[in-house]
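Colleague: I have a new structure open and need a quick tour. Can we go through it together?

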Amino acid sequence: MSDDASESPAQGDAERERNPLAMETLVSLCAARGFIYPSSEIYGGIAGFWDYGPLGVELKNNLKAFWWRRMVRERDDVVGIDSAIISHPRTWEASGHVEGFSDPMVDCRTCKRRFRADQIEGERCPEAPKKRAVTDCDLTESREFNLMLRTELGASVDESTTAYLRPETCQAIFSGFKRVRESARQKVPFGIAQIGKAFRNEITPRNFTFRSREFEQAEMEFFCHPSESEEWFQHWLEVRLQFHKDLGIDESLLRTRPHASDELAHYARAAEDVEFLFPFGWQEIEGVHDRGDWDLSRHTEYSGKELAVTNEQTKERFTPMVIETSVGMDRTTLALLVAAYREEELDNGETRVVMGFHPALAPIKAAILPLSKKLSEPAREIQKELRKHFNVSYDEAGNIGRRYRRQDEVGTPFCVTYDFDSAEDGCVTVRERDSMNQERVAIDGLRTHLTERLEEGS
Ligand code: GAP
């Protein structure tokens, strides 16, 4: 079964108080400001597919870069790959997905809609008007529905050409295990990581991007000796929880939750989720899984290629165990948007909306705002210099207060104002998003000043 079967909207009062944002508010801000909007919007959208606009792509790219830096570049024992989305179809037989990657589904013969059986209360169709009696609901028996998206390769349409869009990114890590270990001269324990698209034909995509049919995962498979797998499981769980805190997400919005034995995916011996408190309740954003030797053993069996390793010192031959960390980039982006949103009342009685992103994640790092259009030339010069180093926007439309508000709403940490004194004193005013404090900074040292402040805490 796919993850988090009970996407319950139920939320206690205390939790709602901690996280009072209404999803509709966030969804409209995302569309209006170009973070995320429905894919194929002019055709009415397509359920479970979303497009990232100019700010959304920057935010998600920053998240991916942060993950890659932490998980690959800063470690000697993890290497990265980027594999094809379509694998040899036998891959999915070996992985157990052809047989076991399904959700129970029921159809309503009256409204013709399809639902996950585990999300239906009693025998009533969720779309049926409240006054309709249960006996008038015409639901089919529950059937297993495979979540993999199929496609055909080549010209002839027969069974041999059926391929699947990967439902998780990690299988190419397992099938490429020997090649990567040898070419990167790695020894167990070590890990292989990748970020990429995954596809699932979710029966009920919902909660904005939370449950999509196309999404991105960042996965790391860590291969270790069987005697060390519990230790590595704990290690990675701690590392991954810390990662989410380092994204600037408040601790009160994060928790870990172990899976009960009847919740475990077909490949997992143990699992613990990192959950985030969304407006629709606590939900998984990352899974840490003990996959045992399931994957390497199955690929050995199905491919006929030996994937065991030998300990050079002891000469012991063993199939490594796998500890997996699997985080959704779209779900984490959604968590970042939820966590960042706040409304503040200003002294003049106005309200400002602020997206309080960690500076390392903010889509725009600094906005250059000339006080008057007459000052556009030198202000553009500053932008030209700074944009070599980070994403910088330029805005000369409207009064300065309104321009600050626009930047607050998309989470820009710094606004740089070029005014009528700047030519003379060689300084600009730098205004910080959260405190709204302003300071004069020499144009000569502006890049270093901003770089240092952007890197604080990352
Ligand atoms: N390789 C293991 C695996 O795929 P999973 O718990 O099914 O495990 C891992 O998925 C992560 O991928 C989830 O924690 C979630 O962040 C993300 N994910 C899974 N299904 C998703 C969907 N339909 N939409 C968006 N993200 C999804």
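Colleague: Which residues have the most contacts inside the largest nonpolar core?

Modeller: Leu26, Phe35, Trp67, Phe276, Phe278 and Leu337 do, in a core of 59 residues. A nonpolar core here is a set of buried Ala, Val, Leu, Ile, Met, Phe, Trp, Tyr and Cys residues joined through side-chain atoms within 4.5 Å, and buried means under 20% relative accessible area (1.4 Å probe, protein chains only). Another core, of 18 residues, lies apart from it and includes Leu375 and Tyr418.

Colleague: Before I go on, what sort of model is this?

Modeller: It is a predicted model: local features need pLDDT of at least 70, side-chain atom pairs count only at pLDDT 80 or more, and totals for chains, interfaces and linings use all residues. Residues are numbered from 1 along each chain as its sequence is written, and side-chain values use heavy atoms, with hydrogens and water left out.

Colleague: What is Trp67 in contact with, leaving aside neighbours within four places in sequence?

Modeller: Its contacts (heavy atoms within 4.5 Å) include Val72, Ile195, Glu219, Phe243 and Met329.

Colleague: Where does Glu202 come in?

Modeller: A polar side-chain atom of Glu202 is 2.9 Å from a ligand nitrogen atom. A polar backbone atom of Gly328 is 3.0 Å from a ligand oxygen atom.

Definitions and conventions. A polar contact is a pair of N or O atoms within 3.5 Å; within protein, one must be able to donate a hydrogen and the other to accept it, and residues adjacent in sequence count only if both atoms are side-chain atoms. Buried means under 20% relative accessible area, exposed over 50%, partly exposed in between (1.4 Å probe, protein chains only).
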